[in-house]
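Visitor: Could you take me through this chain? I would like to begin with how its elements are arranged.

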Amino acid sequence: MMFPVAAGMGAAWLYFRESESGVPAESNCSYLAPASTDVLAVLAGAYLSYYGTKNKAPSVAFIGATVLTIHALQWQHHKS
């Protein structure tokens, strides 16, 4: 049941890498959001990943892992 989480993380990493290569950081408005947005999104993503894995809901686990990973990468690259 860990495959949806790993797939979500991989998909998010690929998406983030592609978006970073095509759009300058100063023109991407998502990076202007307060840090609390990323913190809450990481917490929500972690919860959804856990819930989806525990309750055998792979689509929920995939979405949670994707949200968690995108916002963690955003935090790492633009707010640290």
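Visitor: Are α2 and α3 roughly parallel or roughly antiparallel to each other?

Guide: The model is a predicted one. In it, α2 and α3 pack at an angle of about 155°. Angles over 145 degrees count as roughly antiparallel, and α2 and α3 are therefore roughly antiparallel to each other.

Visitor: How far apart are the axes of α2 and α3?

Guide: Their axes are 7 Å apart.

Visitor: And is the crossing of α2 and α3 left-handed or right-handed?

Guide: The crossing of these two helices is left-handed.

Visitor: Stepping back, how many helices and strands does the chain have?

Guide: There are 3 helices and 0 strands. Along the sequence, the pattern reads α-α-α.

Visitor: What percentage of the chain's residues is buried?

Guide: Of the 80 residues in the chain, 28% are buried.

Visitor: Turning to the surface, which residues form the nonpolar patch?

Guide: The patch consists of Y47, L48, Y50, Y51, F62 and I63. Together these residues have about 600 Å² of accessible area.

Visitor: Which helices each supply at least two residues of that patch?

Guide: Those helices are α2, spanning 35–54, and α3, spanning 58–78. The largest share, 4 residues, comes from α2.

Visitor: What about Y50: where is it found, and is it buried or exposed?

Guide: Y50 lies in helix α2. Its relative accessible area is 53%. The cut-off for exposed is over 50%, so Y50 is exposed.

Methods: Residues numbered from 1 in each chain as written. Predicted model: local features only at pLDDT ≥ 70, side-chain atom pairs only at ≥ 80, totals over all residues. Heavy atoms only, no water. Patch = residues over 30% accessible without salt bridge, like charges linked within 9 Å, V, L, I, M, F, W, Y side chains within 5 Å. Areas by Shrake-Rupley, 256 points an atom, 1.4 Å probe, with all protein chains shown as cover. Salt bridge = Lys/Arg side-chain N within 4 Å of Asp/Glu carboxyl O. Buried < 20%, exposed > 50% of the residue type's maximum accessible area, 1.4 Å probe, protein only. Axes fitted to C-alpha atoms, helices over the stretch in contact; angles between N-to-C directions. Parallel < 35°, antiparallel > 145°, perpendicular 65-115°, else oblique. Left-handed = near helix turned anticlockwise from the far one by under 90°.
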